[in-house]
Amino acid sequence: MGPMKRPAGNQSGPASKKQASAKDPVKTSCDVVEAALIGCGKVPASVQHMLAGSAASCLGIMKQDRHNYQNDVVRMIGEVLQSVADDKQSAVAAAQSKMNEAESNKAALSATVVQEETELAKLQEINSNCKQGLTDANVALQEANSALKAAEEKRVAGNQNFLVVERRLEKLKALRLAATQGEAVDAATIKEIQSLGKSLKFEPAMLSVLPKILAKSPSDRGSFDNLAVDELMKALSQNIEQDEREIAGGADDRAARDQEVSQAQAIVEAAKAKKEQCSEARSKATADVEKGKEALAAGKSAVKAYAREIKEAESELAAATADCSEFVDGPLAAFLELKEMAPAPPSPGPAKAQSPAPSSAKQSPAAGAGGGRSPVQRSPANASPKPFEEAAKAQSPAPASARQSPAASQGRSPVQRSPANASPKPVQASMTPA
C-alpha cells in the first residue's frame, strides 16, 4: 500500500505558516490560570508561584497522560481557584443582601413617611382648631368683661340713693348718741348737727339755740334746754326710722343688682379659664406641628439617604457580579476545560483514509506501548512525564515541544491546540506505511 497523503494541516504554504503563527489556545488558557493564581491571596506567595509555575506542565497535557504528581498539582490548583470563586460568590451574595436590606429599610421608611404626613395633617388641623378656639375665648372674655362693667355700673347707679341714705343714717345715729351721753357736746359735733338739721329741714328756731344748749352739760341745762334737746332727739329718731324703712324697702332690688354683678364676675372668670386652656392647647398644638414637621423632614432625608445607599449597593453588586462572572467564565472555566482535556474522537472519513491505520499502529512505538492507543495521543515530550518534584523545581512552564500534543490534529474544544501547532514528527511517523 502506498503512503497516505499528508493531512491538510501539515501542508506547507502561506495558510500553514499563518496557522503556525497563531497563538496556542492551550498556552493561552494556561496563562490565564497562572495569572489568576498569582496574587489570589488564598495561599502563601511561594505556593502561588509554585502552582503557577507548574500549571502549564500539568494542565497543558491530556488528562489521561498526567502522572499522579501532576494530578495532585491539578487538584491543588482547582481547590485554590474554587476557593477564590467561592469568595467572589460570597461577595456577590453579601452585596445582594446589602441591597435587599437597603431596599427593605427604604420601604419601611417610606411607609413611616406616609404615616408622618398623615399625622402632621391631623396635628395641623388640631392646631387650627386650637387657634380658632383661642380667638373665640378672647372674644368671650371681652364680652364678659363688658357685661361685668355694665352690671357694676347698673348696681352703682341703683344703689347710689341707698348709699346716701346709709351714710346719712350712720351719721344720724352717731349724732344722737353723742347728744345723749350725759356730757357737753363738742363744737365740731354741734356744727355737724346743725348742718345735718338744715339738710333735713329741722326747725330753724331749734337749730339756732342748740349750740348754746348742747355746749352745756346735762346737769346745767334748764327746762327749756331739755325741751329743745328732746325735740332734737325726736327729729333725729324720726329721720333714722325713715331711712331704715327706705333701706329695707329697696333691699330686694339691691340684692338683684348684686346678684347680676356676681354672675357677670363668674362669667368673666370662666372666660379667663377658657382662654388660658385654649392658649395652652394652642401652644402644645403648635409645638406638636413643629415636631411633626421635623420628623417628616428627617424621614424624607432618611429615604433619600437610603436611595443613595441603594445606588451604592447596586454598584457594589454589579461590580461583584462582574468580577465573579469574569473569574468563573475566565480562569475557572479555563482550568475546568484544561483539567478534563482529552483527545477528540477521530472524525469519520473515506475507507481509503482509514485503511493504513493498522500498519501505522504496528510501526509506532507509542501505539505499541500505549496498549492500542491512537498514535497521536502522546508526544515524545510527554511519553515519560517528569515527577512532580521536578515540575515544582522548574517553577516555569514546560517547553513548547512538551505542550504541543499531536492529538490537536484530531479536533478539540476551544482551549485545545489547532493542527497548526501540532508537532509534525510524530504525525509523520504515524503516517509511515507498514
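Reply: The chain contains 14 helices and 0 strands, where helices (H or I, at least four residues) and strands (E, at least two) are DSSP runs numbered from the N terminus. This is a predicted model, in which local features need pLDDT of at least 70 and side-chain atom pairs count only at pLDDT 80 or more, whereas totals for chains, interfaces and linings use all residues. Residues are numbered from 1 along each chain as its sequence is written, and side-chain values use heavy atoms, with hydrogens and water left out.

A nonpolar core is here a set of buried Ala, Val, Leu, Ile, Met, Phe, Trp, Tyr and Cys residues joined through side-chain atoms within 4.5 Å; buried means under 20% relative accessible area, with a 1.4 Å probe and protein chains only. The largest such core has 26 residues, and the members that touch the most others are Val33, Leu37, Leu59, Ile77 and Leu81. At least two residues of this core come from each of α2 (25-37), α3 (45-59), α4 (68-179) and α8 (251-339). Helix α4 provides the largest share, 7 residues.

Leu81 illustrates the packing: leaving aside residues up to four places away in sequence, Leu81 touches Val33, Ala36, Leu37, Phe327, Pro331, Leu332 and Phe335, a contact being heavy atoms within 4.5 Å. A second, separate core comprises 22 residues, among them Ile190, Leu196, Val229 and Leu232.

For the chain as a whole, 32% of the 434 residues are buried. Of the contacts with a separation of 6 or more, 79% join residues 24 or more positions apart.

Notes
Buried < 20%, exposed > 50% of the residue type's maximum accessible area, 1.4 Å probe, protein only.
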